[in-house]
Amino acid sequence: MMNRTIKRIAWGVMLLALVLYPWLFGIYYTNVFVTFAIFALYAVSYNLLLGFTGLFSFGHAMFFGAGAYATALALTHIEGCPLLVALLFGFFGSVVLALLLSPIVARLAHSAFAMLHLAFGMLMYTLALKLRGITGGEDGIGGFPIPPFHIPGVVSVDMTDPLNFYYFAIAVLGGSLWLAWYLTKTPFGQIIVSVRDNDKRVDYMGFKVPQTKAVIYALSCGFAGIAGSVYAMFQDLISAAALGIGHSFAPIVMTMVGGVASFAGPIWGAAIFAMIEELTSRYTERVLLVEGLVLIIVVMFFPGGFMYLVGLIKGKWLGFIRGKGFGVITGQWFTKRSGKKATEDDS
Amino acid sequence: MLLEVKDLNTYYGYSHVLQGMSLAVDQGECVALLGRNGMGKSTTLKSIVGLVKPRSGALLYKGEDVAGYPPYKVVNAGIGYVPEERRIFPTLTVLENLTMGIKGGTRDKGNPNAWTMDRVFEHFPALKERQGSKGALLSGGEQQMLAIGRSLMGNPEVLLVDEPTEGLAPLLVWEVRDMLENIKKTGVAILLVEHNLKVAMSLAQRIYVMKKAEMAFAGTVEELDARPDIREKYLEV
Amino acid sequence: MDATTAMYVAQGIHGLAYGMILFLVASGLTLIFGMMGILNIAHTAFFMLSAYFCYQVVVWTGSFWLALLVAPIATALVGVLVERFLLRKIHALGLLYELTLTVGVMFVIMEAVKVFWGTENLPLLVPPLLQGLVDIGGMEYPLYRLFIIGLSFLILGFLAFILYKTRLGMIVRAAVADPDMVNALGINVPFLFMFVFGVGTWLAGVAGVAIAPILTVFPGLADQMGMDAFIVVIVGGFGSLGGAFMVAVISGLLSSYGVQFVSQLAPVLMFMFMAVVLAIKPTGFFGERE
Amino acid sequence: MNILETKGLYHDFNRLEVLFDVNLQVKKGERHAIIGPNGAGKTTLFNVITGTYKPSRGTVFFKGKEVTGAKPHHMVRLGMGRSFQITSTFSRLTAFQNIRMGVLSRRGIRFNFFHKVDTMGDVTQETDEILKRINLHGERDMPANTLSYGKHRSLEISMALATDPDVVMLDEPTAGMSKDETRYAIELIRRLTEGKTAVIIEHDMDVVFSLADRITVLHLGEILASGPPDKIRENKAVKDAYLGEMEG
């Protein structure tokens, strides 16, 4: 029982901290926190595919971008479009894109899945650059009105004030993170984790693997769409850069550094990179250089990532690994030359 | 003693597939390792060659312990390996497959009866006609010959042969058996893993019979003949 | 040759020149992928690094030819170090960690270059010998581009010769099929992996030097070429040099003729072509890996 | 009544013929062993029946209905469970979670996003019962890849049974097991397949003769003989096939 009350207290303290945060740290750090929260959801949505289902994508930015553009377009073209409707546009924008791709994608695995996403990611980036009419090309879409959070007759909160937007963003992003966490606890969450460990066996337990992959794919991309949508509203601008390759690497790097074998890993990864960005940008522009070095060091010396270290300190292995292993994903796919030999050593 | 295995232990993950395995092969001798499937016969050969890292035990080749060495070091000491399922290179021609067998490209010039391409073709005439075609197009029997020929090109002093007659039609089984007989005559020692008792008994001087992960019997062919109970328990239906 | 055909021919050679450079980069990438199963994300960063090495050699010695020799070798050396001290150590962890490591290496190279050489475009002159135009059937065409086509064919011919006519090439082809078996035939496969990684990086290095005088040397080189090179490898079929060559040439021609006629859609043409191919055959034209 | 039957079954891997006119008949409720020397085509026959490959020619009947070429997940839903020669479990999930997948599948709980799976009392209870029956309850929360080899194999066998199938197909259940692990596995299989039909591929003759009601001997892709254990033991052709005394 102790465990449960400690958990409750921890959640209480965290919520209190979230509410008081802007007063404690001022507007600049509030904005930094919102950016961190956006990337936390984006990285968690990515890890739903990688850490939980074993699908390795190089093009997750196209869903982040799809959500952002959908929201931006909704706010620019639809007169008086309410805030939440714009957000839903973001969510469904990326879900639709995911559903369009899923027939091809659900059949693929391993490198084909990764590379096809690299290619489609590039396609979307180029479309965003070239279809000037719709996407505003190089400089993207900006300056669209951010509608107030409006419940007729009850309340109307002005969203241009960073403080109000902070609470709205935390509510939306926090809520989405909770939903994603809850998803991993449901029976469907068990099935996707089994697909990661051994998709052949899942077929022989009576579950349809392609359909499972298609559903988790749509959900994960939807969450990325929400992150993109909040990002668009937060920046009041969205450009093709949000779809670029660099943006597809961000969740990979955050997940690997945070710890791929756990739900909270990517959140820690996003926090670590937010800190690196804050600290290094003070001294040098070469933020990416530091991030690259951090990534190499993590992969070389503690591939389990931050969560593995947390597990070490706490004396028990966190994540799915008990005993042998670094909190490292060693599902069938991830062992190179995954032919017969690999399974023999794996058993 | 040419090759000596002492108290070898090998694991696949948590499965203790080789428990204290010991055997020996002397100069020019043919020794057979028998036993039903899944007893660890192939794992023994893989552990000797180093394709599978043994966890403990010694592998003495001419007195030097090569346990744990990477395969290319173990093989360069003078061991030839003909794997289970033959594993010839499908995209390479027969000629190229054979050339792959040459150790580090320095054929033993000095050695008068070193294995050359022609000598291999003498032993395996069928390969001579097919020398230009790709490995993937060969029949099971031809692939088996190619696998043996390939390892001979490296002038081994001892040849580890893993289930040479598996999956071959009965007629071919005896052809492969005769080939191994000729190779024995050239003085190459052979450690033969084989489930076909008749083939093994007709080739080997000494026989080891394996039960699950351990040795059940060690002795000459005559001694095994005198022990129908061993045959009954570990080899037959 | 009247004006319109001359224009077609010029565009064609332009496309071919770009296609050949693309193939030089893609061939290194394909070789490494075919052999070691890793799609080296940092590959085009090496390509750009070599362009910077070339610039530095020209600044020191003023000789483009020396740079053409030294820069690719220096890049290959960096590649070998990356394989020997980084990739090989985490080989056991599997593909996910190897790919992530190459992402880290890419970041480091991309940024280190900016630290040493800044971010502006560094001009690189075509060597005097190769400057000027050449007359082909009444049409003037830059000599340097023809040199690039010639150089690429020379190198690729050399590569094909080694791969299919020499013992080393035979061993490489065998290791692509079954590395463990090659190991069990007495060949030091780990060293072979390092060597092939070096050769693959060297090829990217040569392409880097070749493109430098045309596009000048700037950090964006990696991204621009990166996209096209990966597409060539994916669409051409993982690990298949023939497939990569064909797609590289098509891509070069598409981009040059595309800009000419359908400038708005030009860059997207390549992706359309790719999406169609992958939808039909996810492993690419000649792919047999998956 | 034959619960499982194949008629005129042929199969080849791009021109390499592996199965020749196989007519397998498995009666309801019997334990049927399939034996034969290496490379006889046993696993291929298994893979054709369980839906891994579509046979090149011939038909497969399950519970009287034709199921040729049905996908594995469809066969499972029709009531067939399967285990693998090389242990194939969800290596990083706990023993409890592995078994629970079978229970969830049998109850048709698939695209369920609303309940926390750990709070599903009846599922948890049924899974714990199965764990007790195969005395793996001690290892309830240990990931599968940390179990001892014998326990890991029995976990896999129980996963094939967790979907409560009418016919369970076991591919070399005791492969790589030590002597006492094998004896333990024989008892486990006997207990778990009470009242069910079991088809077992096995090399260990102790396992075959202590479990099988009927034996089919496969050799070079053809059925050499089929019948009760004692009849098979005396059959000359079978002895030869195994001992390789076939006339050259």
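## Helix packing and chain contacts in a predicted model

Helix 5 of chain C and helix 6 of chain C lie roughly perpendicular to each other, a description given to angles of 65 to 115 degrees, whereas angles under 35 degrees count as roughly parallel, those over 145 as roughly antiparallel and the rest as oblique. The model is a predicted one, in which local features need pLDDT of at least 70 and side-chain atom pairs count only at pLDDT 80 or more, while totals for chains, interfaces and linings use all residues. Residues are numbered from 1 along each chain as its sequence is written, and chains are lettered from A and ligands numbered from 1 in the order in which they are written.

Two packed helices are described by the angle between their axes and the distance between the axes. For helix 5 (residues 143–165) of chain C and helix 6 of chain C, the angle is about 75° and the axes are 5 Å apart. Here axes are lines fitted to C-alpha atoms, for helices over the stretch in contact, with angles running from 0 to 180 degrees between N-to-C directions; helices (H or I, at least four residues) and strands (E, at least two) are DSSP runs numbered from the N terminus. On the helix 5 side of this packing are C:Ile162, C:Leu163, C:Tyr164 and C:Lys165, which meet C:Leu168, C:Gly169, C:Val172 and C:Arg173 of helix 6 of chain C. By class, the residues of this contact are five nonpolar, one polar and two charged, where Ala, Val, Leu, Ile, Met, Phe, Trp, Tyr, Cys and Pro count as nonpolar, Asp, Glu, Lys and Arg as charged, and the others, Gly among them, as polar.

Helix 6 of chain C has C:Met170, C:Ile171, C:Val172, C:Ala174, C:Ala175 and C:Val176 as its buried residues. A residue is buried if 20 or more other C-beta atoms lie within 10 Å of its own, exposed if 12 or fewer do, and partly exposed in between, with C-beta atoms placed from the backbone. These buried residues pack against helix 3 (94–100) of chain B and, within chain C, against helix 1 (3–36), helix 5, helix 7 and helix 8 (189–215).

From helix 2 of chain C the contact includes C:Phe47 and C:Met48, and from helix 9 of chain C it includes C:Leu221 and C:Met225. The residues of this contact are eight nonpolar, three polar and no charged.

Among the five pairs of chains in contact, chains A and C share the most contacts, with 38 residues of chain A touching 39 residues of chain C. The chain A side draws two or more residues from each of helix 4 (110–130), helix 9 (245–258) and helix 11 (287–301) of chain A, and helix 4 of chain A supplies the largest share, 12 residues. In composition, this side has 27 nonpolar, six polar and five charged residues. By contrast, no contact joins chain C and chain D, whose closest C-alpha atoms lie 15 Å apart.

| Property | Chain D | Chain B |
|---|---|---|
| Secondary structure | nine helices, 11 strands | 10 helices, 10 strands |
| Span of C-alpha atoms along principal axes | about 65 × 40 × 35 Å | roughly 45 × 40 × 35 Å |
| Buried residues | 52% of 248 residues | 49% of 237 residues |

In chain B, B:Ala189 belongs to strand 8 (residues 189–193) and is buried, with 22 other C-beta atoms within 10 Å. Its partners beyond four places in sequence include B:Leu2, B:Val25, B:Asp26 and B:Glu157. B:Ala189 and B:Asp26 are 163 residues apart in sequence, yet 7.1 Å apart in space, C-alpha to C-alpha.

Conventions. Two residues are in contact if their C-beta atoms, placed from the backbone, lie within 7 Å.
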